[in-house]
Amino acid sequence: MSATGPLASHSLPARGTTLRTALWWLSVLLLLAVPPWLLPEFQVTLLNYIGMATLVALGLVVMTGVAGIVSFGQQAFVGVAAYATAALTVLAGGSPWLGLAASLTLVAAVAALIGWVTLRLSGHYLSIATIAWGIAIYYLFGNLPQLGQYSGIDNVPPVSIAGWAFDSGRKSYLLIWVCALAALAAARNLLDSRSGRAIRALRFRAAMAESCGVDTAALKQVVFVQAALLAGLAGWLHAHFLRFVSPHAFGVNAGIDYLFMAVIGGASHVSGAVVGAAIMTVSKEWLKDLLPKLFQQTGNYETIVFGVLMILLLRHTREGLVPALARWWPVRTQRPPPALDAAPMPRRQRPARGTPLLEVSGVEKRFGGLVAVKELSFELRAGEILGLIGPNGAGKSTLFNLVSGTLPGSGGKVRLLGERIDGRPSRDIARRGLARSFQHVHLVSRMSVLDNVALGAHLRGRKGTLAAMLRSDRAEEARLLAEAARQIERVGLSAAMHDPAGTLPLGRQRLVEIARALAADPLLLLLDEPAAGLRYNEKQALAQLLQRLREEGITILLVEHDMEFVMGLVDRLVVMDFGEKIAEGLPHEIQQHPAVIEAYLGGVE
Ligand code: ADP
Ligand code: MG
């Protein structure tokens with residue numbers, strides 16, 4: 001391609017996109033059409049195995065690599081689907097297409113049930129549970145006489161369309177790779193969408209995602225079922241391509257192999273699934289031939305050698321092979337800038353200035369024996385900036401967590417616009433118009449600044465995972481991204497819009513958090529030490545921004561250490577020490593308040 005550089009890509013977006021799309025389709029067609037006729041049957045079979053494994057690994061790239069849910073048990077879903085379609089077609093004489101519908105339905109139901117039980121388990125317990133169900137299902141297949149016990153079911157019919165049967169390796173290749181490529185495209189689309197941003201926050205930033213309105217438990221369940229469906233599709237293909245099923249293909253070893261594939265390829269891109277599946281499948285085959293010759297006796301040496309290779313590989317490429325390969329593949333398509341002319345999103349009705357917005361009464365929080373917030377009450381009216389100050393450890397951040405629903409309280413009431421919000425989940429409080437930043441910055445560091453900020457607008461969109469996969473979400477997505485870009489511009493970070501958020505200096509990451517909160521179109525903004533880490537002139541700019549927000553009718557609750565910054569900005573102050581409110585008033589009153597002077601000067605700091 002000759003038209004590169006920022007100017008070219010801005011002035012010729014349509015031509016560039018058309019050319020890319022055309023090239024993409026051309027390579028897809030070549031990939032589908034050429035290998036079956038050029039390669040020997042054996043290698044076509046190998047490619048078929050890679051295609052089926054790609055489907056399973058792809059589910060894991062999204063579920064484990066991106067969302068952080070580690071499963072050793074995907075082979076169980078492959079097996080359930082393979083057995084379901086084999087039983088239906090061989091034992092009941094149904095068509096393979098009926099088998100597809102039945103096996104995917106069954107897998108979805110089984111996964112929904114297993115997910116409902118195991119996704120509540122945290123960390124390692126979940127992974128152990130996946131091993132347990134993998135073993136259980138293996139023995140179930142092996143012991144049921146109706147399913148042929150350990151010899152399985154054979155004579156499974158091939159899939160056919162209008163009388164044309166996929167009854168050879170070469171023909172199956174087409175079916176398998178159409179499925180694999182479609183799944184890759186769908187997964188790529190999914191990760192680049194409103195739901196995709198939320199999925200990418202699941203692994204390390206679930207609390208933040210909840211504060212943006214994401215129902216993380218439901219989303220995990222969706223990701224889990226979708227990964228199972230991909231495994232199920234692979235199982236259906238497996239049964240009709242190999243024409244028999246037996247439990248041995250669905251043992252725990254297979255589950256570990258699938259997980260390895262996802263890890264080797266890496267989760268930085270969905271193509272990690274193909275890379276991982278190809279490397280695992282080909283090198284296993286190759287080692288199986290090579291090692292017995294090398295050792296001059298037969299044996300399962302490949303498993304041992306494989307283990308060692310894995311360890312070496314992972315030592316050097318933690319992120320998987322795709323980022324490493326991408327270094328030799330410098331054609332990076334620059335993301336187009338958001339279309340700022342996209343129709344703006346509707347905005348919330350703002351309460352009249354002076355309306356009581358937030359009422360905190362008698363709020364308490366105990367951590368074991370420590371009372372972090374004690375009997376605390378104050379009120380915030382619409383259009384005000386209230387500063388919350390106090391020495392380190394006074395309980396300010398804890399209070400923020402109680403008000404925003406990030407932490408459950410131990411007592412007291414919180415009302416937003418007159419309605420009780422204490423005890424509600426933070427996503428529900430976000431829906432009512434509260435947005436917040438975190439003292440310890442909570443960004444998805446690999447994700448661009450733009451995507452991080454767009455996550456803040458999550459509740460202003462509607463489109464779900466299916467719309468994302470089919471790309472029918474583009475109009476809404478353009479509006480969400482345009483909204484995010486406007487907020488990024490407001491905090492002065494436009495130049496860094498496409499940078500991974502984690503590469504910014506800490507002070508600027510705080511600004512990204514503010515932009516994210518603003519993208520929610522909040523009524524009430526909670527900012528926890530937003531100016532920490534900013535330079536003098538950046539602080540001035542931030543103070544001006546906050547003043548402009550107040551003029552627009554946004555109410556702000558602000559925790560800040562920099563007294564000069566606070567005093568010039570806020571309307572009123574609440575001072576906390578050891579979890580209690582020790583003073584409340586106008587800035588000049590607070591500066592002369594004896595208890596405040598005592599707390600600040602007599603404190604241990
Ligand atoms: P501030 O933001 O005013 O500096 P914090 O709200 O972070 O203060 O902390 C208030 C007190 O509560 C501190 O003593 C802190 O150690 C304690 N604390 C905060 N979070 C937790 C927690 N998750 N578990 C136990 N103690 C906590
Ligand atoms: Mg704090």
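Buried means under 20% relative accessible area, exposed means over 50%, and partly exposed lies in between (1.4 Å probe, protein chains only). Strands, at least two residues of DSSP type E, and helices, at least four residues of type H or I, are DSSP runs numbered from the N terminus. β11 is mostly covered, with 6 of its 6 residues buried.

The model is predicted; local features need pLDDT of at least 70, side-chain atom pairs count only at pLDDT 80 or more, and totals for chains, interfaces and linings use all residues. Residues are numbered from 1 along each chain as its sequence is written, chains are lettered from A and ligands numbered from 1 in the order in which they are written, and side-chain values use heavy atoms, with hydrogens and water left out.

The protein chain holds 25 helices and 12 strands. Of its 605 residues, 51% count as buried. Its C-alpha atoms fill a box of roughly 90 × 60 × 50 Å along the principal axes.

β11 pairs with strand β12 (residues 580-585) in the antiparallel sense, over 5 bridges. Two strands pair if DSSP finds at least two bridges between them.

Glycine 387 stands opposite leucine 573 in β11. Isoleucine 389 has valine 575 of β11 as its bridge partner.

Strand β5 (residues 385-389) is largely enclosed by the rest of the structure, because 5 of its 5 residues are buried. Ile385, Gly387 and Ile389 point one way from β5. Leu386 and Leu388 point the other way.

A separate description covers another sheet. Strands of a sheet pair through backbone hydrogen bonds, either parallel or antiparallel. Here 4 strands form an open sheet in the order β4-β3-β6-β7, with antiparallel pairing. The edge strands are β4 and β7 (419-420), each of which pairs on one side only. Strand β3 (residues 356-367) and β4 are joined by 8 bridges and run antiparallel. Valine 360 has phenylalanine 378 in β4 as its bridge partner.

The largest share, 3 residues, comes from α16. A residue is near a molecule or strand if one of its heavy atoms lies within 4 Å of it. The residues around ligand 1 are Phe367, Leu370, Ala372, Asn392, Gly393, Ala394, Gly395, Lys396, Ser397, Thr398 and Gln439. They divide into 4 nonpolar, 6 polar and 1 charged. In this grouping, Ala, Val, Leu, Ile, Met, Phe, Trp, Tyr, Cys and Pro are nonpolar, Asp, Glu, Lys and Arg are charged, and the others, Gly among them, are polar.

Taken alone, ligand 1 exposes 560 Å², and the protein buries 60% of that. Accessible areas come from the Shrake-Rupley method with a 1.4 Å probe; for residues, only the protein chains shown count as cover.

The magnesium ion (ligand 2) is coordinated by Ser397 (OG) and Gln439 (OE1), at 2.0 to 2.1 Å. Serine 397 lies in helix α16 and glutamine 439 in the loop between β8 (434-436) and α18 (449-456), so the pair ties together parts that are 42 residues apart in sequence. Donors are N, O and S atoms within 2.8 Å of the metal (3.2 Å for Na, K and Ca); water is not among the atoms, so sites may look incomplete. Serine 397 counts as partly exposed, at 22% relative accessibility. Glutamine 439 is also partly exposed, at 22%.
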